[in-house]
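Please walk through this structure with the sequence and the model side by side. The tour goes from the overall layout down to single residues.

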Amino acid sequence: RAHAPGPDAPVAVELAGVAKRYDGAVAVEDVNLEIREGEFFTLVGPSGCGKTTTLRLIAGFETATEGTVRFGGRDVSGLPPEDRDVGVVFQNYALFPHMTVGENVAYGLNFADPPGGVTREERVAELLELVDLPGTADRDPDSLSGGQRQRVAMARAIAPGPDLLLLDEPMSALDAQLRERLRVQIRTIQRELGITTVYVTHDQEEALAISDRVAVMRGGTPDQVAPPRTVYREPDSRFVAEFVGDNNVFSGTAVDAAGSTGNDVLAVDIDGETLRVATGPGADGTGRGDEPNPDSGDRVTFCVRPEHLEIDRSSNAVRATVESAEFLGETTRVHLDWDGTPLVVRTRDPLTGTVAVGFHPDDAHVIDVERL
Ligand code: ATP
């Protein structure tokens, strides 16, 4: 599958008005999601935001307090997990230690015949090939690395040929380097099979790297559902802007709101300094379309990505003081202070002292407009 499934792909999983409460405590609420066939869809957000609960509701391990779960238009809300045709991989791979790798994978078939008219042994070999562990069927799970074991767990989940693959933080027990490699492998396997996949992670970078679309969850409800580029560049809320990467978020009062159409530039007063922010459709004709049009006097919140803040900029800039820097290899992440407002910049060269830091108006993204 070379391309991400488009918006016209049929809906594979739908959550409509779903809520889950425990003794009145809200785990998730107002969950409305449509996940498309073949899509790699990720639930991301901070601890406790309801990612795992949402996944468990899809798997059938939990029953919704309110709302409906549908697979391909069919209401599955009342079905137990074994009747939902889903493969699940959890955080701690939980392979059976007394079984070989091959027996673990074969266990995923339960007592069913493998799909495609092959023998169980052939199916196991095929699956181990798929997860890039050929010839390991007779090995002990204990003799494999954490990443390899997690791939065996994935092979076991895929064995019966489910319509849907659910992955709950499958890499959280692994070190960072291994996670990066494994996420590429997971994505490759998913593409090869074209299997609809719902993935849970608290790691925003991982979510952006692996997904066709992400749902950024906040307090039990998806805050924004969009492709990675969109949540990164055009966050809908301050929460998403701050959760996804090091966004610089500014709030101020609109002055000189220029008309209501086209590629307008708005001046925003922030404690006596004026910064200009583009509104209307972007120069490349993408994005910005959903932004509200501010009037003079409105409170405007906008964000600028760290890589879009430029040092020694002469216009649309403020003076800020370098507080600290983190060397990251290709770039350095520099933390600055602008009269009490923290700013984050990515640069190649080291920085010290007080510098002019600014941005091109087109690189700002308006998050919110509040009529005062
Ligand atoms: P984490 O990343 O920490 O796993 P999460 O985003 O997956 O978090 P959930 O595990 O879905 O979050 O939990 C959402 C909320 O629901 C939390 O406040 C949690 O305490 C609560 N919750 C989840 N399961 C139960 C339960 N069985 N009984 C009571 N409260 C629960």
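Predicted model: local features only at pLDDT ≥ 70, side-chain atom pairs only at ≥ 80, totals over all residues.

The protein is divided into two parts, domain 1 (11–238) and domain 2 (246–370). Their centres, taken over C-alpha atoms, are 37 Å apart. Where they meet, 6 residues of domain 1 are in contact with 8 residues of domain 2. The side of domain 1 that touches domain 2 has 4 charged residues, 1 polar and 1 nonpolar.

Now turn to the ligand. Which residues surround the ligand? Tyr22, Ala25 and Ala27 are in the shell. So is a run made of Ser47, Gly48, Cys49, Gly50, Lys51, Thr52 and Thr53. Gly45 and His202 complete the list. By class, the shell divides into 7 polar, 4 nonpolar and 1 charged. Two elements, β2 (25–36) and α1 (51–59), each supply at least two residues. The largest share, 3 residues, comes from α1.

Is α1 largely enclosed or open? Of its 9 residues, 8 are buried, so α1 is largely enclosed by the rest of the structure. The buried residues are Lys51, Thr52, Thr53, Thr54, Leu55, Arg56, Leu57 and Ile58. An α-helix has 3.6 residues a turn, so residues three or four places apart point the same way. Just after α1 comes Gly60, with a positive phi of about 95°.

Strands of a sheet pair through backbone hydrogen bonds, either parallel or antiparallel. Inside the order, β1 (residues 11–22) and β4 (residues 66–71) run antiparallel and are joined by 5 bridges. To place one of them, find Leu15: its bridge partner in β4 is Val69.

Between β1 and β2 the chain makes a loop, and Asp23 lies in it. Asp23 is not a glycine, yet its phi is positive, about 45°.

Asp339 lies in the loop between β17 (332–338) and β18 (341–347). Asp339 also has a positive phi, near 45°, in a residue other than glycine. Asp339 has 12 C-beta neighbours inside 10 Å, so it counts as exposed.

The last stop is Cys303, found in strand β14 (residues 299–304). Cys303 is buried, because 25 other C-beta atoms lie within 10 Å, and 20 or more make a residue buried. What does Cys303 touch, leaving aside residues up to four places away in sequence? Its contacts are Pro235, Ala241, Asn247, Asn248, Val249, His365 and Ile367. Arg233 is 70 residues from Cys303 along the chain, and their C-alpha atoms are separated by 9.0 Å.

Definitions and conventions: Residues numbered from 1 in each chain as written. Near = placed C-beta within 6 Å. Helix = DSSP H or I, 4+ residues; strand = E, 2+ residues; numbered from the N terminus. Nonpolar A, V, L, I, M, F, W, Y, C, P; charged D, E, K, R; others polar. Pairing = 2+ DSSP bridges. Contact = placed C-beta atoms within 7 Å. Domains from an automatic or database assignment.
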